[in-house]
Amino acid sequence: MMHNRILVTFMALVLPVYVEAIHGMYPFGHPELFYKKSNCKPIPTTLLLCHDIEYSEMRLPNLLGHETMKEVLQQASSWIPLVQKQCHPDTKKFLCSLFAPVCLDELDEPIQPCRTLCERVEQSCAPVMSAFGYPWPDMLDCSRFPEDNDLCIPPAIVDHVVSTTKVPKVCDACKDKEENDNEIIENLCKNDFALKIKVKEISYINGDTKIIPETKSKTIYKLNGVTERDLKKTVLWLKDGLQCTCDEINDINAPYLVMGQKLDGNLVLTSVKRWQRGHREFKRISRSIRKLQC
């Protein structure tokens, strides 16, 4: 059940962004792709999608038509949630072969993913997308890729390889912690703000998760050093959000109680809880908020 709710959030919040990311992809096999002068560039550490990939230099323009590293970084982060879903062990290899294609000085043409690599990833990951109304994108039609040969990136030899990818840790702010009344009040008091929100948009910037709440759904419970001006266009940050998971934010329509601190002008989350009306813990939290005396 929890797995399904995570996927709902992933589809609702992230998928429209990464479908747009491939919208401008070069048609594979078209000569204009090869006429553009490509340069070998070191894969930056900030390209988290392709962190620890098996090669160190990538080709620009890439196979998605991105001509600058800035474009690559902006678009690639939107695909990280799909890799984290672990729908296939080769998802990362396939996506990186497009976003950060291997670059070899002695080859003029880019090395594309083999058709079977695409097909195996599509077979496992397309159902995750289609279950929520998003088809496998046309620009990733596997027939566009070359049949297996020595000049394409193949899939793993075994079809059903057990993934050795480490499961991302749970973000500190999202850990499910049982708290008594005194601990709840202590947590409220040590933070600068406490808000009840609904999520409008989630994106990723430089490895952090950026959360924009619905303006009309926002309820303010506590402000300390945070002004109404700070909240006029509220942007909340979950630090290093791409390096961890937050199952608490698993329903775009659900309300959340978020707490945090103002650090260097940013509202940084330290606690995220899904607000469950009538739930015993939230009855206690409501009582604690009403009698809050820090």
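Which hand does the disulfide of Cys-114 and Cys-152 have, right-handed or left-handed? Keep that in mind while we set up the view.

This is a predicted model, where local features need pLDDT of at least 70, side-chain atom pairs count only at pLDDT 80 or more, and totals for chains, interfaces and linings use all residues. Residues are numbered from 1 along each chain as its sequence is written, and side-chain values use heavy atoms, with hydrogens and water left out.

Start by selecting the cysteines: the structure holds five disulfides (pairs of cysteine sulfur atoms within 2.5 Å). Three of them are on this tour.

**First stop.** Select Cys-114 and Cys-152, whose sulfur atoms sit 1.8 Å apart. The torsion about their S-S bond is about 95 degrees, so this disulfide is right-handed. Cys-114 is in the loop between β3 (112-113) and α6 (115-130), while Cys-152 belongs to strand β4 (residues 152-153), 38 residues apart. Helices (H or I, at least four residues) and strands (E, at least two) are DSSP runs, numbered from the N terminus. Both cysteines are buried, meaning under 20% relative accessible area with a 1.4 Å probe, protein chains only.

**Second stop.** Now pick Cys-118 and Cys-142, with 2.0 Å between their sulfurs. Here the torsion is about -75 degrees, so the link is left-handed. Cys-118 lies in helix α6 and Cys-142 in the loop between α6 and β4, so the pair ties together parts 24 residues apart in sequence. Cys-118 is buried because its relative accessibility is 0%; Cys-142 is buried at 4%.

**Third stop.** Finish with Cys-50 and Cys-96, joined with sulfurs 2.1 Å apart. This link is left-handed, with -115 degrees about the S-S bond.

Note on methods
Buried < 20%, exposed > 50% of the residue type's maximum accessible area, 1.4 Å probe, protein only.
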